[in-house]
Amino acid sequence: MDRSLVTSTVRTLWDDDIVPSLSQLVAVPAISPAFDPAWEEHGELAAAIEHVRLWIESRDLPGAVLEVVQLAGRTPLLMVDVPASGNSSDDTVLLYGHLDKQPPVGGWSEGLGPWTPVLRDGRLYGRGAADDGYSGYAAIAAIEAVRAAGGSHARCVVLLETGEESGSPDLPAYLEHLSDRLGRVSLVVCLDSGGSDYDRMWLTTSLRGLVQVTATVRVLDGGLHSGMASGIVPSSFRIARVLLDRLENSETGEVLVPEMHVEIPAGRLAEVREAVEAAPGALWGAVPRVGDLRPMSDDEVELALNSGWRPTLSVTGAEGLPLPDDAGNVLRPFTTLVLSFRLPPTADAAAALEAVKQKLTTDVPYGATVELSRVEFADGWNAPELAPWLSQVLDEAGKDVFGAPWRTVSLGGSIPFMGLLHEAYPDAQFVVTGAIGPDSNCHVPDEWLHLAHAARITEAVALVLDSHSKRS
């Protein structure tokens, strides 16, 4: 395969075809169903799929079959089936991405907005640009580059779902529904990840799991004058604090749920040390901190382990607390907190959830009522060992495409699809990578995609596809 043709094909595709279409996709407010219960009525998820479908259809890939798959009551999925080229085996490469987006949230910088695509200094700003609307485009561009450069690839199936930001609740049903059509999957390429800088290719070798619970502490049917009721009626907020102390050490941040802790594998610990050495200061350097804030540890390896292999708790939402300007002297009837736990990759999420439920609902102070809702859990994922052919082509990509050796990252986020596929195809190889960097602002204001890095990732995927087809 002509490596120079791979490079020129990918760069031309990104400049001339991908960026204009991806910019239009940014403008589609395809909010994930967990944040838009009326998603089907609004039709934005379907609009996002149709936009990408039409673009892929215009590429005129020989023999490619495009289909929008939608099971009753579930979010739609775009499936692109591209037959093998050249002398290739009868197995399948599965390339994964998603088209649903996080909510817009406020606070975008002047001139930027969630649904307003802006090209500036080699960056494409807008919700879903980096996470991860570009993935389908990159997958198709990699396939086209292999063909244009005289290489070969196995049968490739591109799957773009629309529920990832909601925890991929529909994916198990789709994997079962499509299992016969997918055939024998020997390689999975996921483009919904990233790393600690934009200087090299980062391979995600583990993903944390998730437990999320919305807990409401209720003490009254209605509010009472705080001057009359305080000291008689216990505060719902104070009871919530007591319950939180069962889950987390408030001084250190250590999670106090034994079911959420695991032993960190020696190999992963070695990878973390290599990654920190390759990109020193990256983890803390990208944090938009205020004042003299200090990190949770001065040891970067410890920070990396905290974000990849240790459980954490974040309170991501609240209800029952009025805005300061609206806060009268009222003893409030309830306090609601959204508790989001990130779990080590090998922790049992179901067991962790049950432990959390027990701690929140057993022996509640003063007999207050605790209601649990919006419960969600998902296991993490720990990648299989790399096959020699894959390790070799990644080394080549590091040298020829990036000019720096590839490194690994234990990602704090969760991609449930990886665990599901690993279970379904235990012998498959996994390349979990992407163009997201530490300051790409996914899920928050000013999300942006590093266009040159996305093109380099596309080149690397093309090399992987060609090498996979020729492996012994």
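Predicted model: local features only at pLDDT ≥ 70, side-chain atom pairs only at ≥ 80, totals over all residues.
Trainee: Okay, so which residues form a salt bridge with R53?

Mentor: The general idea: side chains of opposite charge can pair when their charged atoms come close. Here we call it a salt bridge if a side-chain nitrogen of Lys or Arg is within 4 Å of a carboxyl oxygen of Asp or Glu. E50 pairs with R53, their closest N and O atoms being 2.8 Å apart, and E57 pairs with R53 at 3.2 Å. E50 is three residues from R53 in helix α3 (residues 44-58), so about one helical turn separates them. E57 and R53 are four residues apart in α3, again about one helical turn. E50 is partly exposed at 32%, and E57 is partly exposed too, at 45%.

Trainee: How many salt bridges does a search of the whole structure find?

Mentor: It finds 19. One of them joins R155 and D81, 2.7 Å from N to O. R155 lies in strand β6 and D81 in strand β2, so this pair ties together parts that are 74 residues apart in sequence. R155 counts as buried at 17%, and D81 counts as buried at 19%.

Trainee: You mentioned strands. What is the order of the strands in the open sheet?

Mentor: Strands (E, at least two residues) and helices (H or I, at least four) are DSSP runs numbered from the N terminus, and two strands pair if DSSP finds at least two bridges between them. This open sheet has six strands in the order β1-β2-β6-β3-β7-β17, with mixed pairing. The edge strands, β1 (65-69) and β17 (429-432), each pair on one side only. Inside the sheet, five bridges join β3 (residues 92-98) to β7 (residues 185-190), and these two run parallel. Y96 stands opposite C190 in β7.

Trainee: Which helix packs on the sheet?

Mentor: That's α5 (residues 171-182), which touches β1, β2 (77-82), β3, β6 (155-161) and β7. Contact means heavy atoms within 4.5 Å.

Trainee: And how do I read two helices, like α5 and α13?

Mentor: Two packed helices are described by the angle between their axes and the distance between the axes. Axes are lines fitted to C-alpha atoms, for helices over the stretch in contact, with angles from 0 to 180 degrees between N-to-C directions. The axes of α5 and α13 (residues 416-424) come within 10 Å and cross at roughly 35 degrees. L171, P172 and L175 of α5 meet F417, L420 and L421 of α13.

Definitions and conventions:
Residues numbered from 1 in each chain as written. Heavy atoms only, no water. Buried < 20%, exposed > 50% of the residue type's maximum accessible area, 1.4 Å probe, protein only.
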